[in-house]
Amino acid sequence: MAGLIAALDSQPVDPATRDGLKQSLQQLSHLKFALDESSIVAITDRRGIIQYVNDKFCEISKYSRDELIGQDHRLINSGHHDKAFMRDLWRTIASGRVWNGDIKNRAKDGTFYWVRTTIVPFLDERGDVLHYLAIRNEVTRLKQVEEDLQQLMSQLMQVQEEERRRFSRELHDGIGQSLFSLLIQIDRILGDDPRDEWRKLRDDVSRIIEDVRGLAWELRPSVLDDLGIVPAIRSFVDNYSSYHGINVRFEHKLGRRPDVQTETVIYRIVQEALTNVAKYAGVDEAFVTIRDTDEGIEAVIEDKGAGIPEHRRGKGVGLHSMEERARSVGGRLRIESQPGRGTRVVLTVPRGG
């Protein structure tokens, strides 16, 4: 850049034009210096062939400049991101739009690093892509902290589910069986002494048994562990419809059972989302769909009700809890809502198991 600026002095151009060009080149030089000092920079052609890298790119990738120039950018592909992620990236930049996101790459020595990335397409006068400029900043440490927190959250949720399972079984098999034995004894007494006091006592014990069973079911339905996610949700939906008066259309198409943790996440999110429908949507019908997709398993909970008001979005504990549960198994949650037109909760999780 400095040589180009110096060469302008020998060119037969208007002095004002020359000064303007020199000033512009100096500004570009300063911008490049600042960019190279702060960021990892690469330029590729529209096929993804590397044409330029700065020193920070070489430093973090552990490749020399000669090893990188002319190579496909997939040289540093870690294989971490799925096809849908890469398809979205390429579809975005190939259409001339800027892409932002975090990417996990692999260095020459096999180690991995994360970079927060902005890819800017440069277009010709016809709108066709000429080059891509990628500006990155390393966020490996931040990602490690996020992964540690996610792992911790996942462990906490597993502990919580184990406690729910233990309490549920204790209620069902311990207290529930004791109450049932008491009910049998009362029936024997009633056979010899059919007084109203005994009948009232029997009715009270029967109601307590139902309450205990309901509480055990709320904590952790045994059908989830014994038969899997589909029978568990069907059972939940039946009870939910009976209690709230909301008809739920449940459709499913799963090839095989996912692992226990994934089943638990799907069940809890369906449970939480339908509870929100009962509280806020003001509808008499909702929809639940679970099916296999190329990305894993997708669960959709949908209603055509009031929608989530703007001031509640992102603030509810239940919504946050659902997002944390999805992340605990490497999944993601998307919530689409419009006032007066309903809410759609979409959970996508890896199959697992």
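Modeller: A helix is here a DSSP run of type H or I with at least four residues, and helices are numbered from the N terminus. The model is a predicted one. In that sense of the word, N276 is found in helix α10, which covers residues 260-281. I shall take α10 as the point of reference.

N276 is buried, because its relative accessible area is 16% and the limit for a buried residue is under 20%. Residues up to four places away in sequence aside, N276 touches A281, L319 and M322.

The partner of α10 to be considered now is helix α9, residues 229-244. The two helices pack at an angle of about 15°, and their axes are 10 Å apart. Since angles under 35 degrees count as roughly parallel, α9 is therefore roughly parallel to α10. The crossing of α9 and α10 is right-handed. On the α9 side, the contact is formed by I229, A232, I233, F236, V237, Y240 and H244. On the α10 side, the contributing residues are E263, I266, Y267, V270, Q271, L274, T275, V277 and A278. By class, the residues of this contact of α9 with α10 comprise 12 nonpolar, 3 polar and 1 charged.

F236 lies in helix α9 and is buried, with a relative accessible area of 6%. Apart from neighbours within four places in sequence, F236 is in contact with W217, Y267, Q271 and L274; among these, Y267, Q271 and L274 are residues that α10 brings to its contact with α9. F236 can also be placed relative to E218: the two are 18 residues apart in sequence, and their C-alpha atoms are 9.2 Å apart in space.

V237 is likewise found in helix α9. V237 counts as buried because its relative accessible area is 5%. Its contacts, residues up to four places away in sequence not being counted, are V248 and L274. The C-alpha atoms of V237 and R249 are separated by 8.6 Å, the two residues being 12 apart along the chain.

Helix α10 also packs with helix α6. Here the angle is about 80° and the axes are 12 Å apart. Because values of 65 to 115 degrees count as roughly perpendicular, α6 and α10 are roughly perpendicular to each other. The contact is made by S154, Q158, E161, R164 and R165 of α6 together with V260, Q261, T264 and R268 of α10. These residues divide into 1 nonpolar, 4 polar and 4 charged. The two contacts of α10 may be set side by side: 12 nonpolar residues are found in the contact of α9 with α10, and 1 nonpolar residue in that of α6 with α10.

Helix α6 itself spans residues 140-192 and packs with helix α7, residues 196-219. Their angle is about 165°, and their axes are 9 Å apart. As angles over 145 degrees count as roughly antiparallel, α6 and α7 are roughly antiparallel to each other. The crossing in which α6 passes α7 is left-handed. The contact of α6 with α7 contains 19 nonpolar, 4 polar and 5 charged residues.

Some remarks on the rest of the chain follow. An unreviewed UniProt entry places the feature "domain: PAS" at residues 27-71. That span is 51% helix and 22% strand, and its end C-alpha atoms lie 30 Å apart. The feature "domain: PAC" is placed by UniProt, again in an unreviewed entry, at residues 99-151. Over residues 99-151 the chain is 23% helix and 57% strand, with 28 Å between the end C-alpha atoms.

K62 is found in the loop between α3 (55-61) and α4 (65-68). Phi of K62 is near 65°, a positive value in a residue other than glycine. Most residues other than glycine have a negative phi. With a relative accessible area of 42%, K62 is partly exposed.

Finally, T348 lies in strand β10, residues 342-349. T348 counts as buried because its relative accessibility is 10%. Residues up to four places away in sequence being left out, T348 touches E295, I297, E298, G331 and R332.

Key: Residues are numbered from 1 along each chain as its sequence is written. This is a predicted model: local features need pLDDT of at least 70, side-chain atom pairs count only at pLDDT 80 or more; totals for chains, interfaces and linings use all residues. Side-chain values use heavy atoms; hydrogens and water are left out. Axes are lines fitted to C-alpha atoms, for helices over the stretch in contact, and angles run from 0 to 180 degrees between N-to-C directions. A crossing is left-handed if the near helix is turned anticlockwise from the far one by less than a right angle, and right-handed if clockwise. Contact means heavy atoms within 4.5 Å. Ala, Val, Leu, Ile, Met, Phe, Trp, Tyr, Cys and Pro count as nonpolar, Asp, Glu, Lys and Arg as charged, and the others, Gly among them, as polar. UniProt positions are given in the numbering used here, feature names are shortened, and annotations may be inferred rather than shown by experiment. Buried means under 20% relative accessible area, exposed over 50%, partly exposed in between (1.4 Å probe, protein chains only).
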